[in-house]
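Dear colleague,

Please find below the sequence and structure that I am handing over to you. My notes on it follow.

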Amino acid sequence: MEDVIALTYHISPDDFTRAGEASSDVKGKLKQLGVSPEAIRKVAIAMYEGEINMVIHAKGGEITVEITPERIRMILADVGPGIPDVDLAMKAGYSTAPDEIRSLGFGAGMGLPNMKKYTDEMKIETTPGVGTTIRMEVLLNG
Amino acid sequence: MTVQELIDGGKFETVHAGEDTAREITGLFCCDLLSIAMGRAPAGSAWVTVMGNINTLAVATLADVACIIMAEGVELDELVRAKAAAQGLTVLRTELPIFDAALWIHQQLHG
């Protein structure tokens, strides 16, 4: 059977002082496991973008990270408002972030595009009013 | 140029000297929009910005920059300073505008 390390993080809504802690923790664990700096950076950026999206838009949620020798899989699940138009949300520069979020330096509409750019696979399942689950993978040894 | 050499250059005030001041600075990055910095700040770069909130530190850590330079005299509050210490990040500050701060670092990097 494949060796899998599974990590689960609960993401609190509207808590900007803690946003990024889950991603930082994963980064630290990957470093301990000897994963390459390039792969760690890809995972850290993609996961942080997802984490901050959950804080801003989705009333928090849960992130599961599975680490195998071949890949790092991230599953970000929330019960937020969902994404009405995924193609539009994937466009660089499109954002629905409110003004107070923009004043913190976010809301440039780069979150989902960055998540796609820094992962080898990304799938979005979303239902308006129900929630969103994003699955991403970063391949190792590749 | 290493982070320690940047500190020793005496141009900037040290807010916090991080864990890895022997790290080589391999580039320079200027941006205040965290959304952009997250995806574009090169690993190992010195990041010059005026965005001094706690999320700046999270972005710096995750994008793996070598250090942060707060320009335009921006002050960090206690919470942010504590976070920099907890994360082992080097944070410097200056009264200089972003361009002048970055130009000085560029001149040290490239002569």
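Which residue in β2(A) is the bridge partner of A:Tyr9? It is A:Ile63.

Before the details, please note that this is a predicted model, in which local features need pLDDT of at least 70, side-chain atom pairs count only at pLDDT 80 or more, and totals for chains, interfaces and linings use all residues. Residues are numbered from 1 along each chain as its sequence is written, chains are lettered from A and ligands numbered from 1 in the order in which they are written, and side-chain values use heavy atoms, with hydrogens and water left out.

Chain A

Strand β1 (residues 5-11) of chain A runs antiparallel to β2(A), and seven bridges join the two. Helices (H or I, at least four residues) and strands (E, at least two) are DSSP runs, numbered from the N terminus; two strands pair if DSSP finds at least two bridges between them.

On its other pairing, β2(A) is joined by six bridges to strand β3 (residues 71-78) of chain A, again antiparallel. In β3(A), A:Ile75 is the bridge partner of A:Thr64, and A:Met74 that of A:Val65. A hairpin of three residues leads from β2(A) to β3(A).

Strand β2 (residues 61-67) of chain A has A:Gly61, A:Ile63, A:Val65 and A:Ile67 on its covered face, while A:Glu62, A:Thr64 and A:Glu66 are on the uncovered one.

In chain A, five strands form an open, antiparallel sheet in the order β1-β2-β3-β5-β4. Because β1 and β4 (121-127) of chain A each have a single partner strand, they stand at the edges, and one side of each is left without a neighbour in the sheet. From one strand to the next, the twist averages 10°.

Helix α1 (residues 21-32) of chain A lies across β1, β2 and β3 of chain A, at about 160° to β1(A). Axes are lines fitted to C-alpha atoms, for helices over the stretch in contact (heavy atoms within 4.5 Å), and angles run from 0 to 180 degrees between N-to-C directions. Helix α2 (residues 37-57) of chain A lies across β1, β2, β3 and β5 (131-139) of chain A, at about 5° to β3(A).

Chain B

In α5(B), B:Ile98, B:Ala101, B:Ala102, B:Trp104 and B:Ile105 are buried (under 20% relative accessible area; exposed is over 50% and partly exposed in between, with a 1.4 Å probe and protein chains only). On the other side of α5(B), B:Phe99 and B:His110 are exposed.

With kind regards
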